[in-house]
Amino acid sequence: MDVFHMEFTLADSSGLVAEIVEQTIKSVYPHYYPFGAVQFFLDLHRKQKIETAMCAESIYLASIKGVVVGTGSIRGNEICRFFILPEYQGKGYGSRFMDFLEEKVFQSYPNVNIAASFPAESMYLKRGYHIVSYEKIETESGDFLCYHSMEK
């Protein structure tokens with residue numbers, strides 16, 4: 001699939017977005033976070049919360065030749081809920097999708113903010129983001145979800 005012929009469309013329902021997010025979290029995040037943090041991510045991005053977010057965010061799907069490879073959202077000057085399906089990671093799709101999302105944000109704001117999960121942080125650093133702060137959330141299980149707030 002050709003990374004340069006990606007199509008970006010606004011999501012019209014939460015179902016596909018939730019599937020992409022859940023599949024990616026379950027596949028990738030257990031390698032970086034303890035169980036409680038993974039569960040926190042799953043709860044944070046469950047279908048009902050995505051449905052609510054659709055009113056406040058622009059939620060996009062990225063596809064190549066009709067095959068959806070990821071999702072990402074824009075809320076003000078923040079890019080959030082950015083997930084590329086595991087089988088499409090490391091092939092340039094995430095970078096191309098970020099180009100699109102950043103361009104959208106920069107049309108209205110002088111900077112872009114992102115809460116960077118550990119799996120994605122190296123990509124953001126390569127894209128010129130810098131760490132603004134270290135954050136951690138204690139989950140119900142007592143595990144910690146740690147991440148960096150970043151800005152470009």
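Visitor: What do the buried residues of helix 5 pack against?
Guide: In this predicted model, the buried residues of helix 5 pack against strand 4 (78-84), helix 4 (93-106), strand 5 (113-116), strand 6 (130-138) and strand 7 (144-151), where contact means heavy atoms within 4.5 Å.

Visitor: Which residues of helix 5 are buried, and why are they said to line one face of the helix?
Guide: In helix 5 (residues 118-126), the buried residues are A120, E121 and Y124. Seen down the helix axis, the buried residues of helix 5 fall within an arc of 120 degrees, and therefore they line one face.

Visitor: How does helix 5 run relative to strand 7, and what follows the helix?
Guide: Helix 5 lies across strand 4, strand 5, strand 6 and strand 7, and runs at about 15 degrees to strand 7. After helix 5 comes G128, which has a positive phi near 100 degrees.

Visitor: How do you know that the span of helix 4 agrees with its number of residues?
Guide: With 1.5 Å a residue, the 14 residues of helix 4 should span 20 Å, and since its end C-alpha atoms are 20 Å apart, the two values agree.

Visitor: Which residues of helix 4 are called buried, and where do they pack?
Guide: Buried means under 20% relative accessible area, and in helix 4 this term applies to Y93, G94, F97, M98, F100, L101, E102 and V105. The buried residues of helix 4 pack against strand 1, strand 2, strand 3, strand 4, strand 5 and helix 5.

Visitor: What makes strand 1 and strand 6 the edge strands?
Guide: The open sheet has 7 strands in the order 1-2-3-4-5-7-6, with mixed pairing; strand 1 and strand 6 each pair on one side only, and they are the edge strands.

Visitor: How many bridges does strand 2 form with strand 1 and with strand 3?
Guide: Strand 1 (residues 6-10) pairs with strand 2 in the antiparallel sense over 5 bridges, with A62 of strand 2 as the bridge partner of F8. Strand 2 and strand 3 (residues 67-75) also run antiparallel, joined by 7 bridges, and S63 stands opposite V68 in strand 3.

Visitor: What makes strand 2 mostly covered?
Guide: Of the 7 residues of strand 2 (residues 58-64), 6 are buried.

Notes:
Residues are numbered from 1 along each chain as its sequence is written. This is a predicted model: local features need pLDDT of at least 70, side-chain atom pairs count only at pLDDT 80 or more; totals for chains, interfaces and linings use all residues. Side-chain values use heavy atoms; hydrogens and water are left out. Buried means under 20% relative accessible area, exposed over 50%, partly exposed in between (1.4 Å probe, protein chains only). Helices (H or I, at least four residues) and strands (E, at least two) are DSSP runs, numbered from the N terminus. Two strands pair if DSSP finds at least two bridges between them. The arc is that of the directions from the helix axis to the C-beta atoms. The expected span of a helix is 1.5 Å times one less than its number of residues. Axes are lines fitted to C-alpha atoms, for helices over the stretch in contact, and angles run from 0 to 180 degrees between N-to-C directions.
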